[in-house]
Every structure is written in structure tokens, then in C-alpha cells.
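Keep it short and grouped by topic.

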Amino acid sequence: MTPPRQPLLHDALTVLRAPTQVWSARSGAMGAAPIHGVYLADVRIVRGLELEVGSAAPEHIATGAPSASEASIQFLLRELDDPTPDPGVRLEVTRVVDAHSLTETLRLTSRQPHDITTSVRIALTADASLMESIKQGRPEHTSVAVQLTDGVANWSGESVDATLTAQGFTLAADGGTVTLTAELTVPARGEATLSWRLDAVDRIAAVRGADGPAPWSTPTVNAGDARLARWVAQSLTDLDALRMTTTAHPDQQFLAAGAPWFFTLFGRDSLWAARFLLPLGTALAGDTLRVLAGLQGDELVDDTAEEPGKIMHELRRQTLVVDDATSLPPLYYGTVDATALWICLLHDAWRWGMPDDEVRALMPALEKALSWMREHGDADGDGLLEYVDRSGHGLANQGWKDSGDSVQWRDGTLADGPIALCEVQAYAYEAAMHGAELLDAFERDGGDDWRAWAGELKRLFHDTFWITDPALTGELGPYPAIALDARKRPVDTVTSNIGHLLGTGLLDAEQSALIARRLADPAMSSGYGLRTMATDSGGYWPLSYHGGAVWTHDTAIAVLGLARDGHATEAAELISGLLRAAEGFDYRMPELHSGDSATDVASPVPYPAACRPQAWSAASAVAVLQAVLGVEPKADGTLSTRPLTVTGRVTVDGIVVGDAVHTVSTGS
């Protein structure tokens, strides 16, 4: 018997507008691959779609996607055509989704001098499978009974109600299958159209799609390297389709983590994505901060990992059963880094011009978040931030690398927790220093105390995290451990986590230079971005989720840090790799891709189960654009610039500080 396998995603057509998404073959057909289907939130409502015109399936020739929410699928209808080589009868299927519906329009066109009469048949297989079962390779194939009333088909399952209507079709229902049939005539040298629409409502939704325009500037990018502009453009249309709100606060937007698995609010992901987008305005950051502050922890609850002042990890419509050992409650707080990242985003948004009254309203949440770092984030009182799952059914690893094998020794064995991750200390240091700055600016007490706390954290980090054994460090010199284990031993694997330390203030100049040199080394830099683990590690594998693959956002964080610390050459090396990867993925960068070297493979190899689009991966395009321009906001509302010479001359119209929109050019 074949064991359960997570569905592959890399070659599927995706059309989405959160919380609706459609996954299919490039031809639009559904059913041949486990991921195929129409989904609302975490429920699949259609798992199969077949199309026939006349007595045969049309011949697929091309698929295009004008936006993340629309696809145009082209077919030939040679069974209806004359015998000449030139195709003369065509079908175009336009697939469009919005937050609650899918619409397909079929347009048949002919160059023939006579009318063509034919039939069209579409068979849809209804479903009510949970997304998590599909992700685990255990599709439920739920038995769904379709009801047909007055030419409208309805079905329900897992608290989602689906309604199918059609124009020009006759509907029939048989068990869980809806069949749409039509007889139509395509006039001579003319066209004929049919359409159908699927609407869905989630009765227990925790999140919903966002209305209105995207809350950020859409920049005009002109670059000597056209790949940068194309990546930014594709990323912004993908991010637009990932916008969501909670049902409790439909006026406050955030970015869903990614399709297909994570169409909801994730503290860490939503914070990083909003932070990357700050050069395009602070509206999204402000909403994201307020949404998360509204869910900030108030009490100690082991079952949900809630703690006073803590920022949540994820929000779901119901309990998420991951496997036999892991189940996460609908509102789950099991993250060690989101609280510090919330503080960092608040500070950065303020610097980019978030109005003072909006910042002032969030100061109580800031003070609670700062207190969490000292009173609860430091689980054992040693001055560092650690994580541990006290529930027995939560996430074992609670940093951004949250897979079970993400924290390894150099020989490939797993480290024992509680774990103190290196990047979490950097986030906490930055949060304490920036939190102190905000406390001072808004005339609140405690700034000096937090600067002192940050100073002690910095000392502890320098004393405990650095690997100095020449047998391990080699010619590149000392480097920080990925983490300290339960016995406070530095876990010696070289990983991309060290890139997150740059630009935070935690490092001195010599330490920053050591990390920059190591990140640019071929053991870490694949030519398509930064590997999560060095190739000389025992656990390295190019298709290991956190043990060798390349994550776009991870590389972008390192790029920003390198640029801020003045390591232009190393930043340019990683940017060049990301641009190669973006081109290879047609500018929709996946969540992650293989760590294979650009010298070994001609194009980036997909990680076949990676989310795409994914919020922090898409938003990385703007982070890279910021690094290329070298822009940082100044206290007077203007911009400082320290551009990189990596993509030729770049001019961008649409960089926003406060209410002012700037045009920025790199010069040459």
C-alpha cells in the first residue's frame, strides 16, 4: 500500500483571491493530481472538472495569467474544423476568482464560412475535504450529495455551502456529480459564449477576503536589468490576491501566509511581509499591527501557548490536526519570534511615517510585548529567549524553521530543546533597542531599562553563541551557532539563520564581516539564493525543507542586513542569485526551491510542495528593491540612499515616506 504523500504543486495552474483558490492542470482540468480542486478557506468544494466539446476533450495549446485572480486557457477544436493545417475553430476558457466565487466563461470562435452546431459538456465532482487531510496525502473524498432546485445546484460540507449556477447550460445532478450540458451554434465567422459560476460561504470563517484596493503604492520600476521590474510587478499582483481580514475586524487588512496551505493570519509571516513592503507605505503595516495587537495574549494557557503580551502564531477556523502528535487550537501562540518582530515592525513603520496617533494607540501593546520577552520569552531566566512546547501537542520547533529536523548538529543529529535560536536573540535585541526609542519618543517610562537589558543580551550572545574551534571554522573564521541546545551548548551547524543577525545592531563590525564572507561562500550561496544549511553539514540535502533548500524571504533578509552593514559585494551576489531564480520561476517566486548550485543545473529546481504564491516570498521583491536603491527613511521625512551596483541604473517612482511619494534613482 502506498504511504500518504504530500501533494506536489510545482506544475499546477493556480488562480486565487483569498480565501478562494483553484488548483488545476495547465489545461484547467481537475482531478488528475491530489491538489486539484476549488477551495474556500480550508475546505475543498470541487475536486474534479472535465470538459468536452462535441465528442472529445478540446486540445490545450496555451495558458496565460493576466493577474493572480484570472487565467485564460486556449484550446483547439479540430473535430469541428476543416482538414487544412491552419486551426480555424478555437475555444477560450476564462477563469476568474474573487473572495467567494469562481466564474468560468467559455468562448467558441470560428473562421469557417458556415454555422457550426455542437455540444458542450462539463462534469464537476463536488467535495467537502479538509485542506489538512489533502496536505497530509489523506484525501477524505467526502461523500457529498448535490441538490438540484430550479436549475441551481447546492451542496454543503464542513460548514461550507456551495451554489452552482449557469447561463446557457442545463444542469443535472447524480450523487456528488453535477453535469452541465449545452447545445449551441457558433455562427459563421463568429462566436458563441457560455458561462457558469460557483459561489461559496464559510459559516464558521475566522478570516475573509479584503475589499477595496491594495493598501500600498504601486511603483513604476525602470531598471537596467529588466528582471527586477518584472519580479516586483508579479509579486505585487500576487500580494494583492493574498489580502485578508479577520471576520471580527473586516476593516483591518493583513497578508495571508500563502497558497494553498496557509490562507490565514500567521504572526511571523504577516509581520515580515508587511515589513518588507514598508517602502510602499505604512497602511498595511498599521493594519497588521492592530490585528495582532487585538489578539495579543492575556494569560498563561499551556494548551494554546498563550502568555501575557505574546503575539500569536496562527488563526484557523477550527482545530488543526497535523499528525498523531501535533494538533493546534484555532488560535495558537506557539512562536518564539513573532512578539519581537511585532515590536520591530512598529518601530520601522513609525520611521517610515506611520502617523503618531496610530503609533501612540499601540504603545500599551508595545509595553506588553516588551514585558513578554523578559518575563516569558526567557523561559529559564538566563537572559536569552528560548522556546518549549508545554502542551505536548504543539509545534516542537517554534522559530521560522519550524520543521522537526530544522535544528541539527553538524553531524546531522538533532538538538534537544528548549532551544535558543541565534536569530531570535537578534530580533529581541533589535526589539529592545527600538522599543526603548519608542518609549522615549512617546514619553513613556522604561527606555533605559530596555537598553540595559539589550546590552546584557548582546554580551551573552557574544559569550555563548560563537563557534571558534579552528577544526570547524576553517579559513572563513568564527561563526555563530544556529542555537544553544537544552544544555546551553552551541549547535555548530552553519545555517542561513546567521544572515538574520546582520543589520540588527547585535554584531560588531568584525563579526558582521565574518558572517558576510561566510554567506557569500559557495557552501551557502547556491547561485539561486542562500541555502538554509551549508553543503558541508551532515544533514545537508538540496531538497531538504530547512536543511539545504533556498527560501526567498530568508535570502532577502540577509540581503537587507548585508546592505545595511555595508557589505555591498556580498549583497549583490545574493541579489543576482534571486534574480536568476525569479527568471526561472517566471517571476512568481515559490516559498522555497532547491539548493542545487547554479553551476550544476541550468535553472532553479522546484521544491515541488512549496507554496506559491507566498506572502513573504512575494514581498521579498520589494525588500530586494529597497536594498538595490539603498533607501532608508530619515527623521525629517526624507530618504537617505546608499545604492548597490547590481542591476544597472534603477529609477523607481512610488517610494513612500509618510504622505510623501518619492522618485529614487541609483544614478548609474
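**Strands, spaces and selected residues**

Strand 1 and strand 2 (residues 20-24) run antiparallel and are joined by five bridges. Within that pair, Val-15 has Val-22 of strand 2 as its bridge partner. The model is predicted, and the values below are computed from it.

- Asp-174 stands opposite Thr-177, which lies in strand 14.
- Strands 13 and 14 form a hairpin, with two residues between them. In the turn, Gly-175 has a positive phi of about 65°.

**Pairings of strand 15**

- Strand 15 (residues 191-202) pairs with strand 8 (residues 101-110) over nine bridges, antiparallel.
- Leu-106 has Leu-194 as its bridge partner in strand 15.
- Strand 15 also runs antiparallel to strand 12 (residues 160-167), with eight bridges joining the two.
- Here Thr-163 has Asp-199 of strand 15 as its bridge partner.
- Strands of a sheet pair through backbone hydrogen bonds, in either a parallel or an antiparallel way.

**The largest pocket**

- The largest pocket has a volume of about 990 Å³.
- How many residues line the largest pocket? The lining has 37 residues. Lys-135, Phe-262, Val-322, Asp-402 and Tyr-545 lie nearest the centre of the pocket.
- Two elements give two or more residues to this lining: helix 1 (131-135) and helix 3 (267-276).
- By class, the pocket lining has 16 nonpolar, twelve charged and nine polar residues.

**The cavities**

- Rolling a probe the size of a water molecule over the atoms shows where empty space is left.
- The model has two cavities of 30 Å³ or more.
- The largest cavity holds about 90 Å³ of space.
- Residues lining the largest cavity include Ala-41, Asp-42, Asp-202, Phe-263, Thr-264 and Leu-315. Also among them are Ala-205, Ala-206, Val-207, Arg-316 and Arg-317.
- The lining of the largest cavity divides into six nonpolar, four charged and one polar.
- The second largest cavity has a volume of about 40 Å³.
- Its lining includes Thr-20, Val-38, Tyr-39, Leu-40 and Ile-45. His-100, Ser-101, Leu-102, Leu-198 and Ala-200 also line the second largest cavity.
- Which elements each supply at least two residues of the lining of the second largest cavity? They are strand 3 (37-40), strand 8 and strand 15. The largest share, three residues, comes from strand 3.
- The lining of the second largest cavity has seven nonpolar and three polar residues, and no charged ones.

**Ala-126**

- Is Ala-126 buried or exposed? Ala-126 counts as buried because its relative accessibility is 3%, and the cut-off for buried is under 20%.
- Beyond its neighbours within four places in sequence, Ala-126 is in contact with Ile-45, Arg-47, Val-144, Val-146, Trp-155 and Gly-176.
- Ile-45 also lines the second largest cavity.
- Ala-126 and Gly-353 are 227 residues apart in sequence. In space they are 49 Å apart, C-alpha to C-alpha.

**Thr-473**

- Thr-473 has its place in helix 10 (residues 470-473).
- With a relative accessible area of 7%, Thr-473 is buried.
- Not counting residues up to four places away in sequence, Thr-473 touches Ile-467, Thr-468, Pro-478, Tyr-479 and Arg-518.

Key:
Residues numbered from 1 in each chain as written. Predicted model: local features only at pLDDT ≥ 70, side-chain atom pairs only at ≥ 80, totals over all residues. Heavy atoms only, no water. 1 Å grid on protein atoms, 1.4 Å probe; cavity = no way out; pocket = protein on both sides within 12 Å on 5 of 7 lines; lining within 4 Å. Points joined across faces, edges and corners; volume = space filled by probe spheres on them. Helix = DSSP H or I, 4+ residues; strand = E, 2+ residues; numbered from the N terminus. Nonpolar A, V, L, I, M, F, W, Y, C, P; charged D, E, K, R; others polar. Pairing = 2+ DSSP bridges. Buried < 20%, exposed > 50% of the residue type's maximum accessible area, 1.4 Å probe, protein only. Contact = heavy atoms within 4.5 Å.
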